[in-house]
Amino acid sequence: MNKVKVNSDVELKDRLVAINRVTKVTKGGRTFTFAAIVVVGDGNGIIGWGLGKAGEVTAAIAKGVESAKKNLVKVPVLKGTVPHEMEARYGGAHVFLRPAAAGTGLVAGGAMRAVLESVGIKDVLAKSKGSSNPHNLVKATIEALANMRDPYTIAGTRGISMEKVFRG
């Protein structure tokens with residue numbers, strides 16, 4: 001993955017994907033803690049995820065946002081969609097992303113939708129297979145997006161001019 005440093009002037013919007021209440025049974029009774037998975041993005045190709053754990057929900061979300069800001073990656077977004085098809089796996093989650101024509105909208109569900117909206121993709125066909133665990137779905141979706149290659153770098157490595165790549 002290509003990690004990226006972001007300037008302080010870039011405004012990252014955070015989005016809560018899931019909260020999990022965890023119970024630890026001790027001699028003195030039950031202890032509840034919360035785990036929050038959060039996605040941050042600038043809506044223009046930068047995305048990151050984080051996991052925060054704390055005794056309070058708000059503290060867990062804040063920790064998740066701080067963790068997400070440390071794990072940012074740059075994703076190629078081409079005309080509001082992904083440049084090409086991509087599949088990725090993380091744990092039991094398997095995701096498939098396919099570019100869509102303008103006006104199609106975001107055809108994705110749950111945790112994938114949160115990631116794709118945060119990165120700034122407006123038209124995509126997405127399918128999640130296997131596990132619906134939000135933690136693994138977020139990680140698999142970000143892995144699929146981070147492994148995408150934008151057409152400019154592919155054209156450069158092949159020695160093709162951009163006029164041949166985008167006719168019209």
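## Ground rules

Contact here means heavy atoms within 4.5 Å. This is a predicted model, in which local features need pLDDT of at least 70, side-chain atom pairs count only at pLDDT 80 or more, and totals for chains, interfaces and linings use all residues. Residues are numbered from 1 along each chain as its sequence is written, and side-chain values use heavy atoms, with hydrogens and water left out.

## Where two helices meet

Let's start with the helices (DSSP runs of H or I, at least four residues, numbered from the N terminus). On the α2 side, A111, M112, V115, L116 and V119 touch P134, L137, V138, T141, I142 and L145 of α3. That set splits into 10 nonpolar residues, 1 polar and no charged (Ala, Val, Leu, Ile, Met, Phe, Trp, Tyr, Cys and Pro count as nonpolar, Asp, Glu, Lys and Arg as charged, the others, Gly among them, as polar).

As for geometry, α2 covers residues 110-119 and α3 residues 134-146, and their axes come within 8 Å, crossing at roughly 40°. Axes are lines fitted to C-alpha atoms over the stretch in contact, with angles running from 0 to 180 degrees between N-to-C directions. The two helices are therefore oblique to each other (under 35 degrees is roughly parallel, over 145 roughly antiparallel, 65 to 115 roughly perpendicular, the rest oblique).

Now the strands (DSSP runs of E, at least two residues), which pair if DSSP finds at least two bridges between them. β1 (residues 13-26) runs antiparallel to β2 (residues 29-41), joined by 13 bridges.
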